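Take the fold one piece at a time. Begin with a single side chain, then widen the view.

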Amino acid sequence: MRSIWNGAISFGLVSIPIKLMNATENHSISFRQIHTADGGRIRYRKVCELEEKEVPPSEIGKGYEDADGSLIPITDEDLAVLPLHTAKTIEIVAFVPASSIDPLQMDAAYYLSANGVPATKPYTLLREALRRSEKVALAKFALRGRERLGMLRVVDDVIAMHGLLWPDEIRTPEGVAPETDVKVREAELDLADALMNTLGEVELSSLHDDYRAAMEQLITAKVEGGVLPEAAPAEGGGQVIDLMAALESSVRAAQEASGAGGEAGGEDAEVTPIKGRKRAASAPKAAAGAKKSTTEAAKKTAAKKTASAKSTKSAAATKKTAAAKKSAPKKTTPRKHASA
């Protein structure tokens, strides 16, 4: 990994020689401007307005444009005499909780490496002090001609530094928030929470740039004369008319995508359909209908019980009469004797 800056960390009276390296890299696909008529490359040339001719880099310097449009030359000798104490030093000014740093201030990230064997011990000391305190170090450093603000923290076994914007470089969000007063119902918040729980967490390493992959496929097809990729179907947009229905649909879709159970790491979320105002208004009628049907069912049940009781009583009486007839003595009729 190539270093872009050499200097030292000033930690009180301790000086730690370090090398600064970029911690990130840009994988975006870049394009060149061409002449669409013949495919020729379009290039920019640095031309002096007074002489109207191209100027080589060795003859190009810096200048400050005044309010009246005049240019004031600033030479490297002028910049060298400025009292910039952090020109070759990352000067730690405070140790603060990481939560006190506004993420809006985050800028480029760098790795700090110990420069040489003698720097290993103080480097390790600062790293372990940061790790144990669970704090970050605020520092000032100079890079590419200007003084910057930085935040030092521990990443694995390395001290990383994030460039920070100065507080006055953060714009206030005036006029950004909705101007109308909007009230959010608890039911809507519950569904939003259910959606968040269903989506769960994600491994950042599993995320990738789909657009860059499609762009590489397009370029490959152009070079090899293959089939160009088809355009992705347009997603449904527009104004959300029913927020509750949209939230419910989103929760169901997220549950199906994660295996209908939040296996991706979140808790199981149940969707409870929220009735609208029209349904709520017809609720008394539905309740009255349910009550009426319940009463009729009760009457029918009582009638069935009464009929069953009568039937049982009649059957018992019939059996009793039959038994009485069977047990009664039979009458005998005397037979006449035949004459001799």
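Leaving aside neighbours within four places in sequence, which residues is I9 in contact with? They are V14, S15, I16, I18, I90, I92, L112, L126 and L152; contact means heavy atoms within 4.5 Å. This is a predicted model, where local features need pLDDT of at least 70, side-chain atom pairs count only at pLDDT 80 or more, and totals for chains, interfaces and linings use all residues. Residues are numbered from 1 along each chain as its sequence is written, and side-chain values use heavy atoms, without hydrogens or water.

I9 sits in the largest nonpolar core, which has 20 residues. Such a core is a set of buried Ala, Val, Leu, Ile, Met, Phe, Trp, Tyr and Cys residues joined through side-chain atoms within 4.5 Å. Buried means under 20% relative accessible area, with a 1.4 Å probe and protein chains only. I9, I18, I90, L112, L152 and M161 touch the most other members. Elements giving two or more residues include β1 (5-11), α2 (120-133) and β9 (135-143). β9 gives the most, with four. A second, separate core of seven residues includes I101 and L138.

Now the strands, which are DSSP runs of E, at least two residues long, numbered from the N terminus. Seven form a closed barrel, β1-β2-β8-β11-β10-β9-β7, with mixed pairing. Strands pair if DSSP finds at least two bridges between them. β7 and β9 pair in the antiparallel sense over six bridges. V96 stands opposite V136 in β9.

Methods:
Buried means under 20% relative accessible area, exposed over 50%, partly exposed in between (1.4 Å probe, protein chains only).
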